[in-house]
Amino acid sequence: MKARRSPTTRPTAADAPLSRQAFAEACLSIMDRKHHWAWPILMGPGMSKDQLKIHYQQEYLVYVRDFPVLLARVHGQNPPPDVRRMLAANIYEEDTGGLSFGRSHPELFQEMMRGLGYELDDFQRARLLPAAAAYRAWLDRVSAHRDWVVGAAALAIFVEGSVKDRREIAEPSKPKSQDEIETYIDQHPLVRHHHISRATMDLIRAHQQVEAGHRQDAYAMVLTHATTARQQRAVLACLSRALTLWTKYRDEVAKACRLRKSS
């Protein structure tokens, strides 16, 4: 009598990985929703310095201060050489400014905050709001995930990405000239609405100077190496969880800033 094959050995649709195009679309569909209603208000002309300080304190503590460390945890999971190179270059710039202004991005952030009239002590003594603390705790856990591709998705795709990712993937940005960067600085909300000294805006200059093609690299490392259905499901679950926690975090910041959603 022929033995029946166990149902668990039969391939199913769930066992088949998505095509690269379908996987990219699934990731981008999540990133399409990384936009918070309060962002245009925060970056608008009506914000007080006290309100802005709440926003920037939380950003600093959630990820700006320690982003190089979070990236280094993913690097330490020993991904393939091409991914290590991309992560190493990102860590090098974030932690030293070696590709731009010779100062780490957390230091450049602090300089920008001084330009707004805040003291370093305002950030060192700040405390995370509960939803911000939950989001940061999750970033700590996921950056040390046993499968590096999940941590890379959380940091390189979600944290560094935005609702603009779909457009930036479709139309890769080119390196900007110095004049183009200075025009961008002139149009920045902190310059336009809060008259921050342009000399304190090197963090924004660094972003504009070194991040051409950065979004393509982020997606390439994940799309290329998440090759199994299990890995792809883990990445999509990671991005969905990140969006949920990030939205709660931004909701809480908006509430702390006493912002109201327009009807």
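Residues are classed as buried under 20% relative accessible area, exposed over 50%, and partly exposed in between, with a 1.4 Å probe and protein chains only. By this scale N78 is exposed, with a relative accessible area of 56%. The model is predicted: local features need pLDDT of at least 70, side-chain atom pairs count only at pLDDT 80 or more, and totals for chains, interfaces and linings use all residues. Residues are numbered from 1 along each chain as its sequence is written, and side-chain values use heavy atoms, with hydrogens and water left out.

N78 lies in the loop between helix 4 (67-75) and helix 5 (81-96). Helices (H or I, at least four residues) are DSSP runs, numbered from the N terminus. N78 is not a glycine, yet its phi is positive, at about 60°. R258 also has a positive phi, near 60°, and is a residue other than glycine. R258 sits in the segment after helix 15. R258 is exposed, with a relative accessible area of 63%.

H105 belongs to helix 6 (residues 105-115). Its relative accessibility is 3%, so H105 counts as buried. Contact here means heavy atoms within 4.5 Å. Neighbours within four places in sequence aside, H105 is in contact with E93, E94, L203, A206 and H207. K261 is 156 residues from H105 along the chain, and the C-alpha atoms of the two are separated by 32 Å. H194 is found in helix 12 (residues 189-194). H194 is buried as well, with a relative accessible area of 13%. Leaving aside neighbours within four places in sequence, H194 is in contact with G44, M47, K49, L52, L116 and P189.

The largest nonpolar core has 75 residues. Such a core is a set of buried Ala, Val, Leu, Ile, Met, Phe, Trp, Tyr and Cys residues joined through side-chain atoms within 4.5 Å. The residues with the most contacts inside this core are Y56, F109, M112, Y135, W138, V222 and V235. With neighbours within four places in sequence left aside, V235 is in contact with F23, C27, V149, A153, V222 and A226.

Helix packing was then described. Two packed helices are described by the angle between their axes and the distance between the axes. Axes are lines fitted to C-alpha atoms, for helices over the stretch in contact, and angles run from 0 to 180 degrees between N-to-C directions. Helix 9 (residues 148-159) and helix 14 (residues 214-225) cross at roughly 160°, and their axes come within 10 Å. That makes helix 9 roughly antiparallel to helix 14, a label for angles over 145 degrees. The crossing is left-handed, meaning that the near helix is turned anticlockwise from the far one by less than a right angle. Helix 9 contributes W148, V149, A152, A153, A156 and I157, and helix 14 contributes R215, A218, Y219, M221, V222 and H225. These residues divide into 10 nonpolar, 1 polar and 1 charged. Ala, Val, Leu, Ile, Met, Phe, Trp, Tyr, Cys and Pro count as nonpolar, Asp, Glu, Lys and Arg as charged, and the others, Gly among them, as polar.

Helix 3 (residues 49-64) and helix 15 (residues 229-256) pack at an angle of about 150°, with axes 9 Å apart. Helix 3 is therefore roughly antiparallel to helix 15. Their crossing is right-handed. I54, H55, Q58, E59 and V62 in helix 3 meet Y249, R250, V253 and A256 in helix 15. This contact comprises 5 nonpolar, 2 polar and 2 charged residues.

How values were computed: Helix = DSSP H or I, 4+ residues; strand = E, 2+ residues; numbered from the N terminus. Parallel < 35°, antiparallel > 145°, perpendicular 65-115°, else oblique.
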